[in-house]
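The sequence and structure go here, my notes below.

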Amino acid sequence: MTMVTVSKSALKARMLEYFRQVEETGEPLVVTDHGKPVLQVVPMPHKRPAAELLAEFRARAYGPVRFVGDPDEPTIDEWKDPWGHMPLRDAP
């Protein structure tokens with residue numbers, strides 16, 4: 001990917017043209033001031049509709065999930081306090 005470089009004055013003269021180029025190609029545009037890079041114009045990430053994201057989440061979440069054992073069974077006995085001394089239930 002080649003980085004397009006343009007001076008501030010050239011950008012000012014043809015700003016919409018450069019912005020459209022960034023949108024279409026997805027390539028960043030580096031703006032210089034006296035030959036030194038000072039800004040970078042990059043395209044926004046592609047936004048996806050919320051319904052599409054939710055559908056993808058549901059497909060991932062519900063497809064491969066399996067419960068083994070009783071999901072309502074208490075698990076507090078498995079957990080120790082942060083220092084590893086005793087189960088949380090017995091902690092003061």
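**Ground rules.** I number residues from 1 along each chain as its sequence is written, and side-chain values use heavy atoms, with hydrogens and water left out. As the model is predicted, local features need pLDDT of at least 70 and side-chain atom pairs count only at pLDDT 80 or more, while totals for chains, interfaces and linings use all residues.

**His34.** I checked the loop between β2 and β3, where His34 lies. Its phi is positive, near 55°, and the residue is not glycine. Most residues other than glycine have a negative phi. Is His34 buried or exposed? His34 counts as exposed because its relative accessibility is 78%. The cut-offs are under 20% relative accessible area for buried, over 50% for exposed and partly exposed in between (1.4 Å probe, protein chains only).

**Whole chain.** I read the order of elements as β-α-α-β-β-α. That is three helices and three strands. Both are DSSP runs numbered from the N terminus: helices are H or I with at least four residues, strands E with at least two. The chain has 92 residues, and 11% count as buried. Its accessible surface is about 8,300 Å², with 59% belonging to carbon and sulfur atoms. Areas come from the Shrake-Rupley method with a 1.4 Å probe; for residues, only the protein chains shown count as cover. Among contacts (heavy atoms within 4.5 Å) with a separation of 6 or more, 31% join residues 24 or more positions apart.

**Core.** Which residues make up the largest nonpolar core? I found six: Val6, Leu11, Tyr18, Val22, Leu29 and Val31. A nonpolar core is a set of buried Ala, Val, Leu, Ile, Met, Phe, Trp, Tyr and Cys residues joined through side-chain atoms within 4.5 Å. Nonpolar side chains tend to be buried together in soluble globular proteins. I then followed Tyr18: leaving aside neighbours within four places in sequence, Tyr18 contacts Val6, Ala10, Leu11 and Leu29.

**Thr32.** I looked at this residue in strand β2. Thr32 is buried because its relative accessible area is 10%. Not counting residues up to four places away in sequence, Thr32 touches Thr5, Val6, Ser7, Lys8, Pro37 and Val38.

**Cavity.** How many cavities of 30 Å³ or more are there? I counted one. The largest cavity has a volume of about 50 Å³. Val4, Tyr18, Gln21, Val22, Thr25, Glu27, Pro28 and Leu29 line the largest cavity. α2 gives the most to this lining, with four residues. A cavity is a set of points on a 1 Å grid over the protein atoms alone where a 1.4 Å probe fits but cannot get out; lining residues have an atom within 4 Å of a point. Points are joined across faces, edges and corners, and a volume is the space filled by probe spheres set on them.

**Pro28.** I placed this cavity-lining residue in the loop between α2 and β2. Pro28 counts as buried because its relative accessibility is 10%. Pro28 and Gln40 are twelve residues apart in sequence, and their C-alpha atoms are 6.5 Å apart in space.

Note on methods:
On a 1 Å grid over the protein atoms alone, a cavity is a set of points where a 1.4 Å probe fits but cannot get out, and a pocket is an open set with protein on both sides within 12 Å along at least five of seven lines; lining residues have an atom within 4 Å of a point.
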